Amino acid sequence: MHHALIRLRTQSRTVAAILIVITLQLLTVDVGAAGFQEPDGESYQTDDGTVPLVWGEIGVGPEPDRVYEVRRWSEGETESSLLVYEGEDTASFVSGLNEGKHIFRIRSKDRDGVYPEWGDESLEVTVDYIDMAIVWPLMGAGAVCFIVLILTIVLGRRAVERKEIA
């Protein structure tokens with residue numbers, strides 16, 4: 001009986017601690033601000049110039065009649081930005097990014113409202129392509145393998161035809 005009471009007290013403390021942590025996390029969430037849900041974190045690295053983006057309102061579910069604006073700034077450009085997406089969807093796939101750093105920002109508004117100022121929420125995407133010093137030898141090796149395969153097929157076919165004639 002004594003062990004059961006100790007175990008019950010320990011479990012009660014654990015449950016209370018978990019509830020306190022969850023409550024504190026919910027209080028610190030900025031409800032209603034748009035933010036990126038994917039990729040996770042504040043930075044993302046890619047070697048093919050693509051990035052999948054998923055966004056939504058932080059702390060709430062999907063809201064009807066909400067319009068989102070996603071913009072991209074390239075490294076060294078602070079004034080001008082490129083409109084990536086504007087509309088009601090909550091996902092996009094960006095491709096064709098140049099090598100370097102790109103900053104993505106998002107904001108949302110009601111359908112008839114006005115966009116607020118840009119918040120602190122941003123995603124930094126670093127594009128670092130594969131070094132061409134590695135690509136060219138690999139492409140050469142692939143070309144050699146392709147030629148050897150074709151020669152094997154042609155010469156093997158001739159050898160089989162000769163045996164059939166003899």
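Modeller: Welcome! Helices here are DSSP runs of H or I with at least four residues, strands are DSSP runs of E with at least two, and both are numbered from the N terminus. This is a predicted model, in which local features need pLDDT of at least 70, side-chain atom pairs count only at pLDDT 80 or more, and totals for chains, interfaces and linings use all residues.

Biologist: Thanks! In what order do the elements of the protein chain run from the N terminus on?

Modeller: The protein chain has two helices and eight strands. Read from the N terminus, the order is α-β-β-β-β-β-β-β-β-α.

Biologist: Where in the protein chain is confidence lowest?

Modeller: Confidence is given as pLDDT, the predictor's own score for each residue, from 0 to 100. The protein chain has a mean of 82, with 80% of its residues at 70 or more. Helix 2 (residues 132-165) has the highest confidence, at 93, whereas the lowest mean, 63, belongs to helix 1 (residues 2-28).

Biologist: Which strands form the open sheet, and in what order?

Modeller: Two strands count as paired if DSSP finds at least two bridges between them. Four bridges join strand 1 to strand 3, and four join strand 3 (residues 51-57) to strand 6. The pairing is antiparallel, and the order is 1-3-6.

Biologist: Why is one side of strand 1 and of strand 6 left without a neighbour in the sheet?

Modeller: In general, strands of a sheet pair through backbone hydrogen bonds. Strand 1 (34-38) and strand 6 (91-94) each lack a neighbour on one side because they stand at the edges, each with a single partner strand.

Biologist: One more: how many residues of strand 3 are buried?

Modeller: Buried means under 20% relative accessible area, with a 1.4 Å probe and protein chains only. Across the 166 residues of the protein chain, 21% count as buried. Strand 3 is mostly covered, and of its seven residues the number buried is five.

Methods:
Residues numbered from 1 in each chain as written. Heavy atoms only, no water. Buried < 20%, exposed > 50% of the residue type's maximum accessible area, 1.4 Å probe, protein only.
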